[in-house]
Structure formats: C-alpha cells, structure tokens
Amino acid sequence: MTQTLIIGAGITGASLAFQLARRGETVTVIATHTNGGLASAASFGWLNASYYLSHPHYHLRHEGLAAHRRLMEAVPGLPTSWSGCLWYEATGPAQEETASDLAALGYRVDRLSRLQIAERLPTLGPIPETALFFPEEGVADPGVLARALIAASGAQVVTATVLDVTHAQGRVSGVLTDLGPMPADRVILATGTGTPALLAPFGYTLPMLKRPGLMVRTNPLPPICPVVLATPDQEVRQDREGRLVAPASAGHQSDHAETLGAFPVVVNATLQRLRALFPGHDIHFAHQAMALRPVPGDGLPVVGQGPVEGLWLAVMHSGATLAPIVAECLAAEISGGSDSPLLTDFRPSRFK
Ligand SMILES: Cc1cc2nc3c(=O)[nH]c(=O)nc-3n(C[C@H](O)[C@H](O)[C@H](O)COP(=O)(O)OP(=O)(O)OC[C@H]3O[C@@H](n4cnc5c(N)ncnc54)[C@H](O)[C@@H]3O)c2cc1C
C-alpha cells in the first residue's frame, strides 16, 4: 500500500488529505500546527475570483468557488457561506473597468446605485455613489474548515516538525522529523511559508514574498454586515458570532507591505475605520491574529511535482479560495490521473 505523508495541516494540507482519502489513499498529516494551520488560522477567508493576476488565475479562482460548493455537498455542516461581496475598492472609471473585465470573463457582476447600496446595507454610514456586487462570493474560516476536512478524511495526524525530506536514487523516501524518521512513498509539502527551507537542500529556490497579515476581530454585534464589504480603505465581514472580522490593511490581497506597524496603532486605526463605516455601534477590540501570508515570488500558486520523484508541492496565497480546487486537481494527478489544464500555469518548474 502506498504511504503518503502530507506535511501541513492548514487548508491546503487538509483539502489534499480529504481528496486523497476519497480516492482510497492512506494518508498521514504531519504538522507543527495541527489545529488549523498557520496562515489558515489568521485568514480573512473571503472566497472570491474578483481579485486575480492573470486569466488562468481568474479561472482557477472561479473553479475554486465551485469546488467549495462541492465540498459543502460532500461534507454536510461545513461553515462556508455565500453572502456575496459589496465592492467599491475602486471608484469611478476604475470601478467600471473592473465590472466590464469581470463580466467579459463570465463573472456575475451587479452594478448598484447609491439607493440600491443603502437598501442592501442600511447600516453603512458613508454611502458611495456606486458599487459592484459579486453574488457568487462568500466566506469560509479556513482554520475551521481545515479541521473539519482532516476529521472527514480520517487521516492520522502527527504533531511534529519536519526537519528534512529524505530521498534515495532520485526518489523521495520519507521525512526526518523531530520525533525521528518517517518512511513514505510520497511526500506532499503543503507547508506554506515553511516550504522554501524544506526545498533548499534540493538546490531548489522557491521565492517567497514577505507579506505579514493582521486580522482584527471585534466584540459580538447585532447583524450589521451581511456581506463581505470591500471599501477603498477597509475590508470587513461579520462572523457567525456577530464579530466584525477585518484585515488591518486595505485591499489586503494585493497589499505589498513587508512590515506591520506597531500593533496598538494598527489595531486602533482599523477600529476607527470600522466605527466610521458602521456609526452608532459600540465597536471594540476583542482579538487579533497575525501570520505571514504564503505568497510565492510571482504571487501565483506553486502546484505539482517537486525536485525529486514522489515529492509534490502545493503552496499558495488566496489558499482560502484556491485550496479546494487545487486539492481536487492535484489529488487526481498524484493518484495517477492526467495533468489538469487548470494547473498548467502554476507549475513549480517556472522557478527552476
Ligand atoms: C491575514 C490573512 C488574510 C488572508 N485572507 C485571505 C482571503 O481573504 N482569501 C483567501 O483566499 N486567502 C486569504 N489568505 C491566504 C490564505 O489564508 C492562505 O493562502 C492559506 O491559509 C494557506 O494555507 P496553507 O494550508 O497552505 O498554509 P498554512 O495555513 O500556513 O499552513 C501551513 C502548515 O504547514 C505546517 N508546517 C510548515 N512548515 C513545517 C515543518 N517544517 N514541519 C511541520 N509542519 C510544518 C504548519 O504547521 C501548518 O500546519 C489570507 C492569509 C492571511 C494570513
């Protein structure tokens, strides 16, 4: 029986464990953070294809939304929801350009007037002249989803640090962990920002951008934000407990900052923006989570065969959106299927 080790228990490793187990594979998940991963546990969790870097990236993200819906059918009770997104990160001609580009790709885009925005979001303080609504978009808490998918996969989970990927005669032979060696026929690195260090001994340099992200959660509030709201200076959603969930940087998906400011300053600035968006509500700080976002050098996912046979890579930002579709495609390839056209532009070989 083929023994597969997945290193990483975030949304990527968990999605792969689920898809491989569905194909009858025996899987063990090893990770330092087994309780929902690292970036996954701090994520905003906005599922979208309205942000994209290329047309293949758009198509992968769009398929990602469909893969989330398939997951919900396969595992009843997953906490994924489809609120849609009210978007005016760009205004004026730039907003119209976004609408036309997305509509040309086949994405569903509603153009909203000021009156329609006020009807849809009556709690909003400053109402813009126009906004776009993306009805296909939604939200998943990737840390929670990761735990649910690992449980559904039935995979064995080991809490350990992988120090090295071992190999012999050009084939992977397992991993060396702080608990000792673990033999395997296949190793899949779903290790986010931990991936470059594990690939370096193979002479493979995976460029990883330094992109810290800070997520702020407030006290529970009455229902005031039923959509993902993306304004020019703040993105926000409301979770099931009524807390506002807000990245500290505007346009966080394309945020290029390599450092965060001092936490109290950044958190207070975020709270002030939230109070301005939803005036009259008693909005307070409750919780913060910080993680480095796993953004490969060109911003695009890195998925496929690694530097030796039997070693596979699945590293990506926007993993909340992308992990389920990447896992569907990669699990099929790993267990002997043909290469997925959806992954063609995202192969590790582009960094050789
Ligand atoms: C603040 C923030 C906001 C975000 N917002 C969005 C969003 O709105 N929409 C979206 O689609 N995406 C978003 N993302 C990105 C998305 O959350 C990530 O792409 C995704 O969570 C990555 O999941 P992962 O499983 O690949 O990595 P991670 O969740 O980082 O998990 C990595 C796993 O690898 C393990 N690991 C690493 N190295 C080792 C080692 N040597 N040995 C053992 N275990 C190891 C860790 O323990 C962990 O379990 C956001 C991310 C952040 C941080």
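Reply: Let's start with an open sheet of 3 strands in the order S9-S10-S11, with antiparallel pairing. Strands here are DSSP runs of E with at least two residues, helices are runs of H or I with at least four, and both are numbered from the N terminus; two strands pair if DSSP finds at least two bridges between them. Before going on, this is a predicted model, where local features need pLDDT of at least 70, side-chain atom pairs count only at pLDDT 80 or more, and totals for chains, interfaces and linings use all residues. Residues are numbered from 1 along each chain as its sequence is written.

Back to the sheet: strand S9 (162-168) and strand S11 (180-183) are at its edges, each with a single partner strand, so one side of each has no neighbour in the sheet. From one strand to the next, the twist averages 30 degrees (axes are lines fitted to C-alpha atoms, for helices over the stretch in contact, and angles run from 0 to 180 degrees between N-to-C directions). S9 pairs with strand S10 (residues 171-177) over 6 bridges, in the antiparallel sense, and Val162 sits opposite Thr177 in S10.

There is also an open sheet of 6 strands, with mixed pairing and the order S8-S2-S1-S12-S21-S20. S20 runs antiparallel to strand S21 (residues 311-315), joined by 4 bridges, and Val302 has Val315 in S21 as its bridge partner.

Now for a pair of helices. The axes of helix H3 (residues 55-74) and H9 come within 7 Å and cross at roughly 80 degrees. That makes H3 roughly perpendicular to H9 (the range for that word is 65 to 115 degrees). In contact terms (C-beta atoms, placed from the backbone, within 7 Å), residues of H3 including Leu60, Ala67 and Leu71 meet residues of H9, among them Leu322 and Ile325.

Finally, the ligand: of the 41 residues around it, Gly10, Gly37, Gly194, Gly213 and Gly319 come nearest (near means a C-beta atom, placed from the backbone, within 6 Å). Domain 1 (3-63 + 142-205 + 296-351) and domain 2 (82-137 + 209-293) both give residues to this shell, so the ligand lies between them; the domain bounds come from an automatic or database domain assignment.

Note on methods:
Parallel < 35°, antiparallel > 145°, perpendicular 65-115°, else oblique. Contact = placed C-beta atoms within 7 Å.
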